[in-house]
Amino acid sequence: MGSIGVVQPQSRRFEQPLPLRSGAALRDYTLVYETYGTLNANASNAVLVCHALNAGAHVAGVHAGNENSEGWWDNLVGPGKPLDTERFFVIGVNNPGSCFGSTGPMHVNPANGKPYGADFPVVTVEDWVDAQARLIDAMGIRQLAAVIGGSLGGMQAMAWTLRHPQRVRHCIAVAAAPNLSAQNIAFNEVARRAIITDPDFHGGHYYAHGVVPARGLRVARMIGHITYLSDDSMAAKFGRGLRNGSLGYSTHEIEFQIESYLRYQGDKFSEYFDANTYLLITRALDYFDPALAHGGDLAAAFAPAKDNRFLVISFTTDWRFAPERSREIVKALVDNRIAVSYAEIDAPHGHDAFLLDDARYHGVLRSYFERVALEASAGHSKGGGDAPEMQSPVQP
Amino acid sequence: MSERRDLEVIAGLVPHGSRVLDLGCGDGELLAHLAAHRGCSGYGIEIADGNVLRCVQRGVQVIQLNLEEGLALFEDRSFDVVLQLDTLQHLRNTEHMLQETARVGRIGIVSFPNFAHWANRLSVVRGRMPVTKTLPYQWYDTPNIRMGTFADFEVLARRNGLTVLDSFGLHDGAALRRWPNLRASVAVFKFERGDVAPTA
């Protein structure tokens, strides 16, 4: 079980405008993506990995010349790993509006020749999924074996089954939710206000001023980070530990270890993340709500996914995307008699657990992908019935 | 092997093509058997990580839940059959789960160790709690917190307005219909809610 090794980002330009939910369109855009493993002859072994807020197309392996550039889900994806690149053709794609290569707010707006900045159109989870679908079209993949994502990535995985149910077989949604709670939107709003009220924000056109709203980004990241960890893991990691061993009686200096940690995370983040992207992605999170068009009836929203099969995973200490929210997803699927397995992993790490390699969590993913792989190698395609060796014995 | 024959006897109670909910499905063996041999579909409910993993490995749809929290995930009469095999003796809210089983399923099938089995009676007469194949634990470390008998369950079923459709004892893989309360180590009941019209 090793790393996939050195990987090469690729990009594809799309000249046809992408219609967006807002009614606007994204003109002439580029998607950056990476692939690992080999697409089989009947293109039945492709797995799409959807990223969350703070990641991009670089899912696994390292970039040439930088040994520390490990992909964000490298512990899951690689040869012999749970999502085994010796069996699957794995695709990572950076979503438009993000700041990791695909067309985003710092790229040039073809309408006026200037960076988009605040004028980048608001994008939604559904828009991203449509962009991803165009990419797999271009790759000659008619149907994905699976789509997987955690958190916001899990929302994209679900949206695939709602918008393009015939183009994907399995949906694996980890630490996800059917929509954000008011509390979740509130956290996002505090983060956005931190950015927008930074004097260096300049209404989102800070590139023209040669500055970035780093203070706002730092605070936004600090807030976010608090919500990704559990109370227990923070207590275990930092407790009330003091940085200098004794109280300094200062309100400005770092006193507690947790302050030091949050400031470090904030500083690091503000050096590489784009503020407009932060605003856009948190908005996409806020807006995701497939039940809304069905009067709040999530089961009605999932009706198109009747032939898809789901694996839903949550973590007991995740309070940002709590297990109860995953159970809402499971209930909506059960109400539709859709095939679903649900694992509730007893892990101490809060929301962050989806990126860690807990043995029970990865054990379930490995086993699930093994069955998906058997099916993919049998050349299964939906509509023709299950391949005999994959006959899911219990198909509701 | 008697466990295998027990499984086949229970499977025989499940109509072909049923939608099944198996509460405390263990490693998913029965659901896999029902799917392969009786064209059934459905889900298992299981709390133990290891069993959830085994279910996923064999392709059984499993939902990890604590049965003590009830069956809020499932609508009334949304399954043809709800199985609660070798499970109720581990539950604190036994009676509530029995009601939930009858609510969610058109038919409920329950099995549990029959404490009135003659071997158990003999052990108690000798002054010791039984340790047998069906009840393999010492009294101080048993997960079985509800010990009842075949006859006790008939009373509980009546009390909850359940109509018993079939009942028998199981011992060494054989169904026993005469004096099950004395002769069988396991009690099996198939029932439906008394307040709904019998299903065809």
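This is a predicted model: local features need pLDDT of at least 70, side-chain atom pairs count only at pLDDT 80 or more; totals for chains, interfaces and linings use all residues.
**Where the chains meet**

Let's start at the contact between the two chains. A salt bridge joins the side chains of B:Asp49 and A:Arg360, at 3.5 Å from N to O.

**An enclosed helix in chain B**

Helix α4 of chain B (residues 94-104) is largely enclosed by the rest of the structure, because 8 of its 11 residues are buried. Among the buried ones are B:Met97, B:Leu98 and B:Val104, but also B:Glu100 and B:Arg103. The buried residues of this helix pack against several elements of chain B, including β1 (19-23), β5 (105-113) and α6 (150-159).

**Nonpolar cores**

The largest nonpolar core has 152 residues, and A:Phe302 and B:Phe74 touch the most other members. Leaving aside residues up to four places away in sequence, A:Phe302 touches A:Met158, A:Leu162, A:Phe310 and A:Ile329, among others. A second, separate core of 12 residues includes B:Val110, B:Phe112, B:Phe150 and B:Phe153.

**Salt bridges**

Over all chains, the count comes to 31 salt bridges. Here are some within chain A:

| Pair | N to O distance |
|---|---|
| A:Glu126 and A:Arg21 | 3.9 Å |
| A:Lys81 and A:Asp74 | 3.1 Å |
| A:Asp198 and A:Arg215 | 3.5 Å |

A:Glu126 sits in helix α1 (residues 125-138) and A:Arg21 in the loop between β3 (18-19) and β4 (25-26), so their pair ties together parts of chain A that are 105 residues apart in sequence. A:Glu126 counts as buried at 7% relative accessibility, whereas A:Arg21 counts as exposed at 55%.

A:Lys81 and A:Asp74 are both buried.

A:Asp198 belongs to the loop between α3 (182-196) and α4 (214-228) of chain A, and A:Arg215 to helix α4, so this pair links parts that are 17 residues apart in sequence. A:Asp198 is buried, with a relative accessible area of 5%, while A:Arg215 is partly exposed at 45%.

Finally, A:Glu189, A:Arg192, A:Arg283 and A:Asp286 are linked in a network of salt bridges.

Technical notes. Residues are numbered from 1 along each chain as its sequence is written. Chains are lettered from A and ligands numbered from 1 in the order in which they are written. Side-chain values use heavy atoms; hydrogens and water are left out. A salt bridge is a side-chain nitrogen of Lys or Arg within 4 Å of a carboxyl oxygen of Asp or Glu. Buried means under 20% relative accessible area, exposed over 50%, partly exposed in between (1.4 Å probe, protein chains only). Helices (H or I, at least four residues) and strands (E, at least two) are DSSP runs, numbered from the N terminus. Contact means heavy atoms within 4.5 Å. A nonpolar core is a set of buried Ala, Val, Leu, Ile, Met, Phe, Trp, Tyr and Cys residues joined through side-chain atoms within 4.5 Å.
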